[in-house]
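Please read this briefing alongside the sequence and the 3D view. It begins with the overall fold and then turns to helices, backbone angles and charges.

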Amino acid sequence: EKEKLALRSGAKVGDASLVTGSLGGSIKGHHLNFMPRVNEARGIMNKFKINSMIDISDGLALDLKRVLRASGVGACIYENAIPLSKDASVNNALYDGEDYELLFTMNVKESKRFFRTTSGRTKTPVTLIGEVVAKKDDYKIVRENGKKENLRVKGYLHF
């Protein structure tokens, strides 16, 4: 619906980055039996101000980078915050694709309202995984040991 459309190009510095569900499941065949997150996207868009949104079909790292490029910003995500599917590794979640979850950004105040009003009330979990930063080409992952590393832009490319 045009009036409830969130583009890739709307991410803003200071936004929280969030994902639905769990990631990395295609390694175990999750992609063969998935439910598109259309209802979740509509529900989120109806109740909250979303700055950007994309489905994660080609891997978290690649699809997040698409949002960042379109928005002219950077991002930092936290390894220990990424919700992993059963038996999936962080690399599966970052690069494998076919998760068909939602990645979206909203300002921090709105994200606090989101978690305050929806916590425990939705069937599909939503996880805060990072933040949008100012530097256009800054794309980092904070590892469990606290070390920041450049995040590789890699995932499933159709062509």
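Helices (H or I, at least four residues) and strands (E, at least two) are DSSP runs, numbered from the N terminus. On that basis, the protein follows the pattern β-α-β-α-β-α-β-α-β-β-β when read along the sequence, and its secondary structure comes to 4 helices and 7 strands. The radius of gyration of the protein is 15 Å, close to the 15 Å that the globule rule gives for 159 residues, so the protein is as compact as a globular protein of that length; the radius is taken over C-alpha atoms, and the rule is 2.2 Å times the number of residues to the power 0.38.

This is a predicted model, in which local features need pLDDT of at least 70 and side-chain atom pairs count only at pLDDT 80 or more, while totals for chains, interfaces and linings use all residues. Residues are numbered from 1 along each chain as its sequence is written, and side-chain values use heavy atoms, with hydrogens and water left out.

**Overall dimensions and surface**

- Taken along the principal axes, the C-alpha atoms of the protein fill a box of roughly 40 × 35 × 35 Å.
- Of the 159 residues in the protein, 48% are buried, where buried means under 20% relative accessible area, exposed over 50%, and partly exposed in between (1.4 Å probe, protein chains only).
- The accessible surface of the protein comes to about 8,800 Å², of which 50% belongs to carbon and sulfur atoms; accessible areas come from the Shrake-Rupley method with a 1.4 Å probe, and for residues only the protein chains shown count as cover.
- Among contacts in the protein with a separation of 6 or more, 85% come from residues 24 or more positions apart, a contact being heavy atoms within 4.5 Å.

**Helix H1**

- In helix H1 (residues 38-47), the buried residues are Ala41, Ile44 and Met45.
- Seen down the axis of H1, these buried residues fall within an arc of 95 degrees, so they line one face of the helix; the arc is that of the directions from the helix axis to the C-beta atoms.
- Asn39 and Lys47, on the other side of H1, are exposed.
- The buried residues of H1 pack against strand E2 (52-56), strand E4 (101-106) and helix H4 (108-118).

**Helix H4**

- Glu110, Ser111, Phe114 and Thr118 are the buried residues of H4.
- Around the axis they cover an arc of only 100 degrees, which puts them on the same side of H4.
- Lys109, Lys112 and Arg116 are exposed residues on the face of H4 turned away from its buried side.
- The cover over the buried residues of H4 includes strand E1 (16-20), H1, E4 and strand E5 (126-133).

**Backbone angles between H3 and E4**

- Most residues other than glycine have a negative phi.
- Glu98, which is not a glycine, has a positive phi near 60 degrees, and its place is in the loop between helix H3 (90-95) and E4.
- Glu98 is partly exposed, with a relative accessible area of 31%.
- Tyr100 also has a positive phi, of about 55 degrees, although it is not a glycine, and Tyr100 lies in the loop between H3 and E4.
- Tyr100 counts as partly exposed, at 23% relative accessibility.

**The segment before E1**

- Lys2 lies in the segment before E1 and counts as exposed at 79% relative accessibility.
- Lys2 and Asp55 are 53 residues apart in sequence and, C-alpha to C-alpha, 17 Å apart in space.
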